[in-house]
Amino acid sequence: MLKKILLALLVVLAGFLLLVVSRPDTFHIERSASLTAPPAVVFARLNDFHAWADWSPWEKLDPAMKKTFGGPESGPGASYAWAGNDKAGEGSMLIQTATSPSHIGIELKFLKPFAATYQAGFALAPAGTGTKVTWSMDGRNDFASKLFGLFMNMDKEVGGDFERGLATLNEVTAKDAVIVAARDAREAAAAAADSAAKQ
């Protein structure tokens with residue numbers, strides 16, 4: 001009887017392990033949203049890690065989170081590291097590529113609560129007077145990730161964060177666009193006045 005129970009447990013365990021290892025080796029998470037601000041304004045906000053605090057869904061997980069910035073102010077080589085509570089974890093981001101105003105590629109590394117490296121990115125395309133923004137993340141699934149994926153839908157969890165982040169980004173960049181438009185109008189008026197004065 002005991003042997004039959006042990007054999008049944010081994011069969012169940014083998015089936016479970018087979019289920020885990022048969023899961024996909026890679027994953028892709030993506031969400032898109034239409035923002036009212038033009039591509040150049042949205043790109044400027046995404047290309048500068050200093051400007052993420054106003055819209056990133058993860059910044060609010062720990063108000064006391066320790067942040068460290070490195071490299072140039074923005075663009076390729078700019079980096080951002082964080083260390084926070086159990087919800088925020090610890091990790092870093094590095095802008096690897098930036099093509100204004102259409103694309104930003106980021107290396108995303110987690111140290112806590114687990115170690116992992118992913119590739120994240122933003123694709124920006126004109127949409128009327130606004131911008132269609134597609135936020136994506138790609139990575140590999142090791143055994144632990146495959147096992148974790150049986151109990152949590154990563155696309156739903158992370159995708160939900162992306163959706164909230166894009167909604168807030170829309171609000172923030174809409175305000176940025178008003179400021180930029182006012183600045184451009186002032187500069188145009190000053191240039192026109194200067195040109196008239198020289199005639």
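This is a predicted model: local features need pLDDT of at least 70, side-chain atom pairs count only at pLDDT 80 or more; totals for chains, interfaces and linings use all residues.
Local features need pLDDT of at least 70 and side-chain atom pairs count only at pLDDT 80 or more, while totals for chains, interfaces and linings use all residues. Residues are numbered from 1 along each chain as its sequence is written, and side-chain values use heavy atoms, with hydrogens and water left out.

**View 1. Strand β7 and its pairing partners, β1 and β6.** Strands are DSSP runs of E with at least two residues, helices are runs of H or I with at least four, and both are numbered from the N terminus; two strands pair if DSSP finds at least two bridges between them. Strand β1 (residues 26-35) pairs with β7 in the antiparallel sense over 10 bridges, and T26 stands opposite R140 of β7. Strand β6 (residues 116-127) also runs antiparallel to β7, joined by 9 bridges, with A127 bridged to G130. The β6–β7 hairpin has 2 residues between its strands, and G128 in the turn has a positive phi of about 70°.

**View 2. Surroundings of F122 in the largest nonpolar core.** This core, a set of buried Ala, Val, Leu, Ile, Met, Phe, Trp, Tyr and Cys residues joined through side-chain atoms within 4.5 Å, has 35 residues, and those with the most contacts inside it are I106 and F122. Its largest share, 6 residues, comes from α4.

Note on methods: Buried means under 20% relative accessible area, exposed over 50%, partly exposed in between (1.4 Å probe, protein chains only).
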